[in-house]
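Please consult the sequence and the structure while reading.

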Amino acid sequence: MLKAGVLGAGHLGKIHLKLLNQSTKYDLVGFYDVNPEAAAAIEAEFGYKRFDTMEALIAACDMVDVVTPTIYHFECAEKVVKAGKHLFIEKPITHTVEEAEKLRDLAKEYGVRGQVGQVERFNPAFMAVSHMIDKPMFIEAHRLAEFNPRGTDVSVVLDLMIHDLDAILSVVKSEVKHVHASGVSVISETPDIANARIEFENGCVANLTASRISMKKMRKARFFQKDAYISVDFLDKKCEVVKMKDAPQTPDDFAMILTNAEGVKKQIYFDNPNVDANNAILDELESFADAIANDRTPVVSLAQGTKALTVAMQIIENFNTIKM
């Protein structure tokens, strides 16, 4: 079992502490938080060992889980990596692309593994169909959330849209060509609603919308590719695959047949892949343990986290921002 520690014991940090404590792949040694009163309260309530300094926690661990506010990610992660310890770091990987690139390079230099907490990669609905997504040419994603002050220290792009960016970049095997974006600041100093259109070198186009001031929640993505349409509901953990194949000479009476302008007949097939229930955060943490044990690249590497942040920053830089 890998000795694990958590840096940052806020809302998400407490969830990570609980799951690492439950995991059979980690031995939770404790945590560090800059707020001593809050840390003492967590130690008293849950029994997790509280460390007095970040350095003391890092020294006691094989793997450190960084769940601090984004602005402190690099400061903490750099210490972890330079101590020769493996790093799990929440999304976005760092506050700036320059920090992300430096962290990625430091991990190579010090020979440690690093994984970014892009939890939707472990969403069972996405996992059920991701292997079926093949050369998509149009993608549409909507991620809407009710207002929560906890995420407003960063733009809605880094708070919400980055989940869909990472998922899309994992299935589109092409470089980004153009980014067009707009955002609206309603409550926060940074945009609360954003839309981005990403054009890839291979011709694929992705249209993403994110909002953190919606009346209802939505987390959906649709992938359109040759002879197939794939939809993923990240919130309700459902997925659907609609495929079109050449129609047989003698289709059965219940077959759905479409004929295009050239007279080519296609039959529509509907599929609802089995979605196995899981705890996505536990799965991402344990997949990292497996990557360390088997000396392989993590599912969401530091390089992939850097790429997602790079595109997110391109979106932010291209904003035509409106303040209400």
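**Enclosed helices**

Seven of the ten residues of helix α4 (residues 73–82) are buried, so this helix is largely enclosed by the rest of the structure. The model is a predicted one, in which local features need pLDDT of at least 70, side-chain atom pairs count only at pLDDT 80 or more, and totals for chains, interfaces and linings use all residues. Residues are numbered from 1 along each chain as its sequence is written, and side-chain values use heavy atoms, with hydrogens and water left out.

Q: Which residues of α4 are buried, and what covers them?
A: Buried means under 20% relative accessible area, exposed over 50%, and partly exposed in between, with a 1.4 Å probe and protein chains only. Helices (H or I, at least four residues) and strands (E, at least two) are DSSP runs, numbered from the N terminus. The buried residues of α4 are His73, Phe74, Cys76, Ala77, Glu78, Val80 and Val81. Their cover, in contacts (heavy atoms within 4.5 Å), includes β1 (2–7), α3 (54–59), β3 (63–66), β4 and α5.

Q: Which residue with a positive phi follows α4?
A: The phi of this residue is near 80 degrees. The residue that follows α4 is Gly84.

Q: What distance does α8 reach from its first C-alpha to its last?
A: The expected span of a helix is 1.5 Å times one less than its number of residues. With 14 residues, α8 is close to the expected 20 Å. The distance reached from its first C-alpha to its last is 20 Å.

Q: Which strand is joined to β9 in parallel, and which in antiparallel fashion?
A: Two strands pair if DSSP finds at least two bridges between them. Six of the seven residues of β9 (residues 205–211) are buried, so this strand is largely enclosed by the rest of the structure. Seven bridges join the parallel partner, β6 (residues 138–144), where Ala141 stands opposite Leu208. Seven bridges also join β9 to its antiparallel partner, β8 (residues 193–200).

Q: Which residue in the turn of the hairpin of β8 and β9 has a positive phi?
A: Four residues lie between the two strands of this hairpin, and Ala194 stands opposite Ala210 in β9. The residue with a positive phi, about 100 degrees, is Gly203.

**Backbone exceptions in loops**

Q: What is the omega of the cis peptide bond from Lys91 to Pro92?
A: Most residues other than glycine have a negative phi, and most peptide bonds are trans. Pro92 lies in the loop between β4 (86–90) and α5 (97–110). The omega of this cis bond is near -15 degrees.

Q: Is Asp295 buried or exposed?
A: Asp295 lies in the loop between α8 (280–293) and α9 (302–317), and its phi is positive, near 50 degrees. With a relative accessible area of 58%, Asp295 is exposed.

Q: What is the phi of Asp227?
A: Asp227 is in the loop between β10 (218–225) and β11 (228–233). At 26% relative accessibility, Asp227 counts as partly exposed. Its phi, a positive value in a residue other than glycine, is near 65 degrees.
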